[in-house]
Every structure is written in structure tokens, then in C-alpha cells.
Amino acid sequence: MTANLTSADSSPSLISPTISRPQTLDSFPTTSPVKLGVMASGSGSNFEAIASAIANGQLNAEISVLIYNNPGIKALARAEKYGIPAVLHNHRHTKKREDFDQQIVETLRQYEVEWVVMAGWMRVVTQVLLDAFPNRILNIHPSLLPSFKGVRAVEQALEAGVKITGCTVHVVSLDIDSGPILFQAAVPVLPDDTPETLHGRIQVQEHRILVDAIALINC
């Protein structure tokens with residue numbers, strides 16, 4: 001079932017998120033925190049949103065490990081701030097995507113991860129990772145899927161001249177930015193928006209619905 005979009009408050013930057021729960025979505029008992037493996041390629045703001053929600057008691061989960069693929073990214077400092085182990089898997093050192101994903105799977109299993117969260121992970125996944133965590137990989141994408149898949153989603157929205165865009169949390173499938181949708185939040189596009197200003201407002205809602213999606217899998 002999907003809720004209708006309605007105005008959540010007087011702010012022009014937010015329309016309340018839609019929610020759905022696919023029948024394929026697995027869940028874990030609420031008595032113990034779900035163990036997450038978070039994957040990030042950049043600043044790690046979504047990673048910190050999850051870590052902060054856990055620290056504040058808002059989310060019944062624990063981040064077992066952060067996996068990152070770009071040395072020196074800001075996400076690493078955020079992991080250190082919360083005392084979360086971080087493991088670098090540099091895709092530049094692996095020729096085949098499948099071999100790269102196998103290395104990631106081994107690390108996730110080492111840390112006894114139950115669910116994987118792609119929080120700004122800028123790599124295409126293969127069946128190797130999907131088979132290791134079937135229907136247990138989430139992704140956050142800065143558009144209202146199925147619109148504006150792939151890279152530069154915010155720029156795509158501006159170039160298309162749409163009045164509303166937003167963000168989506170979905171279960172990952174082999175096709176890029178596809179798979180069952182869990183949450184979406186719509187963000188109006190303002191007349192003077194740039195990619196930076198629009199992306200900044202979208203990120204606020206990314207942090208919100210990603211935490212809500214993780215709470216959903218553990219209920």
C-alpha cells in the first residue's frame with residue numbers, strides 16, 4: 001500500500017514521503033539491533049544520519065562496518081567520530097566487478113552484517129553481492145524513481161524543467177536504480193535552484209527517509 005502525497009508542513013521544501021512495503025522485504029525481530037554494513041563513496045552524510053539516529057536511540061540498529069572505495073573521503077572521518085570500523089576496498093585495484101563485489105561480501109560476512117545500506121555508493125553492483133544478501137540491500141537515490149536514474153540525477157531534474165523531484169529508498173536489484181521502492185520524499189524545485197541548492201534540500205530528506213526505511217526493516 002502506498003500513501004498519498006500531502007503537504008507535511010508550511011515549508012516549500014517538503015512533501016510528506018510515500019511508503020510501501022514489498023512482500024519480498026525481509027525483517028528481523030525488534031528485540032535485537034539489526035546489524036548494518038554501510039557502503040559510501042563520498043562525504044558520508046547519509047552514513048552519519050544513520051549513526052546519529054542510532055546514537056540518539058531513534059533507530060534499533062548498529063553499524064558493524066563502513067565500506068568505502070575512495071581513499072581519504074569524508075565518510076572515513078565520520079566513521080572514526082562514531083568509533084565504527086571502516087574498510088577500504090579500492091575498485092581501481094580490481095579488474096572485474098564480480099571480484100570487487102566478492103571482496104566486499106567477504107568483509108560484510110566478517111563483520112556479521114545482516115543488511116547492507118548503499119549510502120552514496122557510486123558503483124554498479126553485480127549478482128555476487130545480490131546473491132549474498134538477497135532482498136537485503138537498500139539504496140538511497142536523489143530522485144523520485146523511476147525518473148532520473150543513474151548519475152547526475154539532480155542535474156537531470158533541472159535540465160528536464162520538472163517542478164518536483166526528491167529522493168527514493170529502494171531495495172537494490174541488478175538493474176541500476178531499480179527494485180521495490182520503500183520510501184520517497186518529494187522536494188519542489190525552486191525557480192532559482194542550482195544543482196548545489198537543490199541537492200542540499202534533497203539531502204535533508206534523504207537523511208530522514210533512509211533512517212525510516214531502516215526502521216521499517218526491523219519491525
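## Largest pocket

The lining of the largest pocket comprises 14 nonpolar, 15 polar and 6 charged residues; Ala, Val, Leu, Ile, Met, Phe, Trp, Tyr, Cys and Pro count as nonpolar, Asp, Glu, Lys and Arg as charged, and the others, Gly among them, as polar. This is a predicted model, in which local features need pLDDT of at least 70, side-chain atom pairs count only at pLDDT 80 or more, and totals for chains, interfaces and linings use all residues. Residues are numbered from 1 along each chain as its sequence is written, and side-chain values use heavy atoms, with hydrogens and water left out.

Of the 35 lining residues, G120, W121, M122, I140 and P142 lie nearest the centre of the pocket. Two or more lining residues come from each of α1 (45-55), β6 (137-141), α5 (153-160) and α6 (195-217).

## Chain

The chain contains 6 helices and 8 strands, taken as DSSP runs numbered from the N terminus (helices H or I, at least four residues; strands E, at least two). Of its 219 residues, 49% count as buried, that is, under 20% relative accessible area with a 1.4 Å probe and protein chains only.

## Aromatic pair

The chain has 1 aromatic pair, defined by ring centres within 6.5 Å, using the six-membered ring of Trp. F100 and W121 form this pair, which is stacked (planes under 30 degrees apart), at 6.2 Å centre to centre and 5° between the planes. F100 lies in helix α3 (residues 97-110) and W121 in the loop between β5 (115-118) and α4 (127-132), so the pair ties together parts that are 21 residues apart in sequence. F100 counts as buried at 5% relative accessibility, and W121 counts as buried at 5%.

Methods: On a 1 Å grid over the protein atoms alone, a cavity is a set of points where a 1.4 Å probe fits but cannot get out, and a pocket is an open set with protein on both sides within 12 Å along at least five of seven lines; lining residues have an atom within 4 Å of a point. Buried means under 20% relative accessible area, exposed over 50%, partly exposed in between (1.4 Å probe, protein chains only). Rings of Phe, Tyr and Trp (its six-membered ring) pair if their centres lie within 6.5 Å; planes under 30 degrees apart count as stacked, over 60 as edge-to-face and the rest as tilted.
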